[in-house]
Amino acid sequence: MPRKPDPATPPVSLPRRRMLGAAAAAAAWGAPLTRAWAQGDMAQGWPARPVRVVVPYAPGNISDSSARVVCRHLGDRLGQQFFVENKSGANTQIGTDLVARAEPDGYTVLYTGPIITVMGPLFEKLGFDPMKELTPVSQAIANPLVFLVRPDFPARDMREFIAMTRKEPQKYFVASGGIGTMPHMAHELLVSMAGMQSQHVPYRGGSSWVSDFLGGQITGIFDNPSSAIPLIKDGRARPLAVTSPARSAALPDVPTVAEQGVPGFEVMNWFGFFAPSRTPAAVLDRLSAEIGKVMRLPEVSGEFGRIGVSSVGSSREKFGEIVAGDFRKWSSTIRERRITPE
């Protein structure tokens with residue numbers, strides 16, 4: 001039988017205000033847990049359909065080819081297609097803006113390089129803020145640049161090249177794929193740190209400078225190893241330096257710029273994934289973790305290693321630190337060198 005209440009101990013009743021306060025506290029503590037569970041469920045269900053990976057560069061270079069390698073393996077692992085869509089133009093602004101405005105649901109992401117840290121300081125009328133509207137997910141690859149001259153060029157190393165430009169400032173021309181690209185920024189940083197006096201000549205992306213370089217109209221170029229190594233092996237170019245803090249395993253006999261009288265000089269070209277800033281953290285964490293697993297696959301790291309590119313697969317936090325550091329470096333260089341888009 002149910003026990004009858006003891007009349008000597010009347011039931012306790014909380015004041016209404018305290019009851020409401022307790023309910024509010026429970027709701028406040030429960031809300032983050034509910035959100036966390038909801039995000040966890042979302043991450044477990046993601047991706048439920050194909051994922052669009054926007055590459056803001058034209059096909060046929062390391063940005064495009066590396067994106068396709070990583071996306072192929074991501075698709076195999078996650079059971080959905082990660083399809084690459086090239087949206088080039090306006091110094092990568094078109095593709096970058098497209099992703100910044102996309103639905104933050106994990107189904108539209110960006111694969112780009114350090115130009116994303118340059119465009120804000122460089123373009124005053126950008127129309128969006130990539131540092132606020134996009135969030136780093138994972139760095140996929142990284143590589144130094146290689147400074148190339150023609151085989152018959154008289155300078156034997158980077159130190160001699162810099163000295164030659166100081167003596168005749170208007171004589172030497174260094175190409176890049178365009179204003180704000182890493183070859184351009186490497187040139188500007190070397191002018192700033194070492195007093196190099198060569199003239200910058202921007203081309204329209206890719207390897208459009210090659211014919212002028214081989215023909216002698218261009219003196220030198222900072223290039224990615226993936227396209228520099230074939231020129232070196234064919235005897236059409238000679239490397240003077242790499243821009244990494246340590247020598248490249250793919251070019252072990254080529255000294256760094258820092259070794260040749262410019263201590264502290266470092267320029268790394270990288271490519272990685274970004275997502276709209278309001279994308280659920282659980283989805284970002286899962287994507288970052290899967291990218292890391294792909295980049296550690298022997299067949300992936302081996303494929304990139306053969307062309308002088310390091311397979312990274314960093315955490316969100318580590319990639320964010322790299323992006324923030326490059327933003328500070330290039331903002332300072334752009335101000336000091338008074339670089340403008342035209």
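The model is a predicted one. Asp 285 is partly exposed, with a relative accessible area of 41%. Its partner is Arg 316, with which Asp 285 forms a salt bridge whose closest N and O atoms are 2.7 Å apart. Asp 285 belongs to helix α10 (residues 281-295) and Arg 316 to helix α12 (residues 316-337), so the pair ties together parts that are 31 residues apart in sequence. Arg 316, at 21% relative accessibility, also counts as partly exposed, since the buried class is defined as under 20%.

Six strands make up an open sheet in the order β2-β1-β3-β10-β4-β11, and the pairing is mixed. At the edges stand β2 (82-86) and β11 (310-311); each has a single partner strand, so one side of each is left without a neighbour in the sheet. Strands β1 and β2 pair in the parallel sense, over five bridges, and within this pairing Val 51 has Phe 82 of β2 as its bridge partner. Two helices may be followed across the sheet. Helix α3 lies across β1, β3, β4 and β10 (268-276), and runs at about 150° to β3. Helix α10 packs on the sheet as well, touching β2, β3, β4, β10 and β11, and its direction makes about 15° with that of β4.

Further charged pairs may now be placed. What links Arg 52, Glu 85 and Lys 87? The three residues are joined in a network of salt bridges. Within this group, Glu 85 forms a salt bridge with Lys 87, and the closest N and O atoms are 3.6 Å apart. Lys 87 counts as partly exposed, at 29% relative accessibility. Another salt bridge joins the side chains of Arg 49 and Asp 105, at 3.3 Å from N to O. Arg 49 is in the loop between α1 (16-45) and β1 (51-55), while Asp 105 is in the loop between α3 (93-100) and β3 (108-112), so this pair ties together parts that are 56 residues apart in sequence. Both ends are partly exposed: Arg 49 has a relative accessible area of 42%, and Asp 105 one of 22%. Over the whole structure, a search finds 14 salt bridges.

A second sheet is to be considered next. Five strands form an open sheet in the order β7-β6-β8-β5-β9, again with mixed pairing. Its edge strands are β7 (199-202) and β9 (238-242), each of which pairs on one side only. From one strand to the next the twist averages 30°. Strand β6 (residues 173-176) pairs with β7 in the parallel sense over four bridges, and Val 174 stands opposite His 200 in β7. Helix α9 (residues 225-233) packs on this sheet, where it touches β5 (146-149), β8 (220-223) and β9; the direction of α9 makes about 35° with that of β5.

Terms used:
Residues are numbered from 1 along each chain as its sequence is written. This is a predicted model: local features need pLDDT of at least 70, side-chain atom pairs count only at pLDDT 80 or more; totals for chains, interfaces and linings use all residues. Side-chain values use heavy atoms; hydrogens and water are left out. Two strands pair if DSSP finds at least two bridges between them. Axes are lines fitted to C-alpha atoms, for helices over the stretch in contact, and angles run from 0 to 180 degrees between N-to-C directions. Contact means heavy atoms within 4.5 Å. A salt bridge is a side-chain nitrogen of Lys or Arg within 4 Å of a carboxyl oxygen of Asp or Glu. Buried means under 20% relative accessible area, exposed over 50%, partly exposed in between (1.4 Å probe, protein chains only).
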